[in-house]
Amino acid sequence: MYLESKSQLRLFGHQGIFDILKNLYLKKKLPNKIFLSGDNGIGKCTLAYHLINYILSINEDYSYDIINHKINNRNKSFKLVLNGSNPNFILIDVEEGKKNIDIIQIRNLISNLNKSSFNSIPRFVLIDNINLLNLNSVNALLKVIEEPNDNIYFILINSYSNVLSTLKSRCINFKISL
């Protein structure tokens, strides 16, 4: 049974790392390039969605429930992410029918990030299956990751696969396990 990460309202097993990342954000010390690595299917992407929802919904009605580690399904950010229309969230993953993350996706990402934000809320780029970037995509991504614009956070998800060391070395690696 496959459960889609973006629609998981509860966070299971990763409350500790969530709290660490949340506290880093509150202290304005959250790295802007985070690498979440661990076994496939343990909830790395779900953890990323929860952190993103926590930050994006801080000043919204029905904000993230930090006591129960739960996304409130009535909050605006959650609904916008589900619809793929949140202006402060970009998801990069393998497109249907493809085997790799295409360089066109990375070029579109770069173009999007070069546009100014209409609000002061942080913007997030979540790249799932980072190991499926082809060499051209990795090289294009390296350029934007090395010097990201202000208030942009990259969260890269890897399932212990080979990833170009130059990409990994530019991120803070959090090893996730259950």
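User: Which helix makes a right-handed β-α-β unit with β2 and β3?

Analyst: This is a predicted model, in which local features need pLDDT of at least 70 and side-chain atom pairs count only at pLDDT 80 or more, while totals for chains, interfaces and linings use all residues. Residues are numbered from 1 along each chain as its sequence is written, and side-chain values use heavy atoms, with hydrogens and water left out. Helices (H or I, at least four residues) and strands (E, at least two) are DSSP runs numbered from the N terminus, and a crossover is right-handed if, with the strands pointing away from the viewer, the path from the first strand over the helix to the second runs clockwise. With β2 and β3 as its strands, the right-handed unit is made with residues 103-113, helix α4.

User: Over how many bridges do β2 and β3 pair, and which residue of β3 is the bridge partner of leucine 91?

Analyst: Two strands pair if DSSP finds at least two bridges between them. Strand β2 (residues 89-92) and β3 pair in the parallel sense, and the bridges number four. Within β3, leucine 91 has as its bridge partner leucine 126.

User: How many residues of β3 are buried, and which of its residues point the other way from Arg123, Val125 and Ile127?

Analyst: Relative accessible area, computed with a 1.4 Å probe on protein chains only, sets the classes: buried is under 20%, exposed is over 50%, and partly exposed is in between. Five of the five residues of β3 are buried, so the strand is largely enclosed by the rest of the structure. Arg123, Val125 and Ile127 point one way, and the buried residues on the other side are Phe124 and Leu126.

User: Which helix makes a right-handed β-α-β unit with β3 and β4?

Analyst: Strands β3 (residues 123-127) and β4 run parallel and are joined by five bridges, in which arginine 123 has isoleucine 152 as its partner and valine 125 has phenylalanine 154. The right-handed unit that these two strands make includes residues 135-146, helix α5.

User: Which strand besides β3 is joined to β4 by five bridges, and which of its residues stands opposite phenylalanine 154?

Analyst: The five bridges in question join β4 to strand β1 (residues 33-37), and the two run parallel. Strand β1 also holds isoleucine 34, which is buried with a relative accessible area of 2%. The residue opposite phenylalanine 154 is lysine 33.

User: How many residues of β4 are buried, and which of them point the other way from Ile152, Phe154, Leu156 and Asn158?

Analyst: Strand β4 (residues 152-158) is mostly covered, with seven of its seven residues buried. Ile152, Phe154, Leu156 and Asn158 point one way, and the buried residues pointing the other way are Tyr153, Ile155 and Ile157.

User: Why do the buried residues of α3 line one face of the helix?

Analyst: The buried residues in α3 are Ser77, Phe78 and Val81, whereas Lys76 and Asn83, on the other side, are exposed. Taking the directions from the helix axis to the C-beta atoms, the buried residues line one face because, seen down the axis, they fall within an arc of 100°.

User: What is the volume of the largest cavity?

Analyst: On a 1 Å grid over the protein atoms alone, a cavity is a set of points where a 1.4 Å probe fits but cannot get out, a pocket is an open set with protein on both sides within 12 Å along at least five of seven lines, and lining residues have an atom within 4 Å of a point. Grid points are joined across faces, edges and corners, and a volume is the space filled by probe spheres set on them. The largest cavity is lined by Lys6, Tyr49, Ile52, Asn53, Ile71, Ser77, Phe78 and Val81, with α2 and α3 as the elements that give two or more residues. The volume of the largest cavity is about 40 Å³.

User: Which element gives the most to the lining of the second largest pocket?

Analyst: This pocket has a volume of about 240 Å³ and is lined by 17 residues, of which Leu56, Glu60, Ser77, Asn88 and Ile121 lie nearest its centre. Two or more lining residues come from each of α2 (44-56) and α3 (76-83). The element that gives the most, with three residues, is α3.
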